[in-house]
Amino acid sequence: KGNVKDAKTGKPIPSEMSIVDLNTGEVIENSSTDQNGKYNANVTKKGKYSITATSNGYLFNSSLFEVDDNGKIIRKGNGDILLMSADERGKTTLLVFFDTDKSTLQRSSYPELNRAAQFLKSNPNLNIEIAGHTDNKGSMDYNKDLSKRRAQTVSNYLINKGVNASQLVQTGYGFDYPVNTNETEEGRADNRRVEFVVKK
């Protein structure tokens, strides 16, 4: 359960919702929120899932949750999904996964990147920065290079799916802009991210 809200104002946003099994790429459920932005997601087996909210005029945003062997739901936060306007230099963190210390995409990244590709092809007027970020393990130079390679890998995937290369620019920021502490594993995991940033 959760709510879809405007990231700036906190107002509810009626949205389309999609649940994807990240292990198989299968769409488990498509549904809609109510008019107050409330949603209910239903899964029937253990696994790793994404739940994505889309609404006209906003960047899509996804949340990750897992169901363990005992049916317990493991997720970050309280289930709320925040959407940013596509017209106000908004950004969203892509739900992508890489092999450790590499720029190789894991298969579980494909559903999110396919969604990003479709969004860009439907909005050819938008220019997007693919921004790579890391935690602070290792040297500054190493992390800048790793984050840039990961951003480039994401861009290459999108281009291979038909996105115009002129819409994309890639930047590797290393550990310059953390969103959480680097003192815990959970914080470091938050900092290892790729962002989708509207530039125009």
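Visitor: Hi! Which residue stands opposite leucine 83 in strand 8?

Guide: Hello! That is aspartate 6. Keep in mind that we are looking at a predicted model.

Visitor: How many bridges join strand 1 to strand 8, and do they run parallel or antiparallel?

Guide: Three bridges link strand 8 to strand 1, residues 2–6, and the two run parallel.

Visitor: What order do the strands have in that three-strand sheet?

Guide: The order is 4-1-8, in an open sheet with mixed pairing. Strand 4 (38–39) and strand 8 (81–83) are the edge strands, each pairing on one side only.

Visitor: Changing topic: what about the sheet of four strands?

Guide: This sheet is open too, with the order 9-12-10-11 and mixed pairing.

Visitor: Why is one side of strand 9 and of strand 11 left without a neighbour there?

Guide: Strand 9 (91–94) and strand 11 (168–172) stand at the edges and have a single partner strand each, so one side of each has no neighbour in the sheet. On average, neighbouring strands of this sheet are turned by 25° against each other, direction ignored.

Visitor: How does strand 9 run against strand 12?

Guide: Antiparallel, with four bridges joining strand 9 to strand 12, residues 193–198. One of the pairings puts lysine 91 with valine 197 as its bridge partner in strand 12.

Visitor: And which strands does helix 1 touch?

Guide: Helix 1 (residues 110–122) packs on the sheet and touches strands 9, 10 (128–133), 11 and 12. Its direction makes about 150° with that of strand 9.

Visitor: What about helix 2?

Guide: Helix 2, residues 140–160, also packs on the sheet, touching strands 9, 10, 11 and 12. The direction of helix 2 makes about 160° with that of strand 11.

Terms used: Residues are numbered from 1 along each chain as its sequence is written. This is a predicted model: local features need pLDDT of at least 70, side-chain atom pairs count only at pLDDT 80 or more; totals for chains, interfaces and linings use all residues. Side-chain values use heavy atoms; hydrogens and water are left out. Two strands pair if DSSP finds at least two bridges between them. Axes are lines fitted to C-alpha atoms, for helices over the stretch in contact, and angles run from 0 to 180 degrees between N-to-C directions. Contact means heavy atoms within 4.5 Å.
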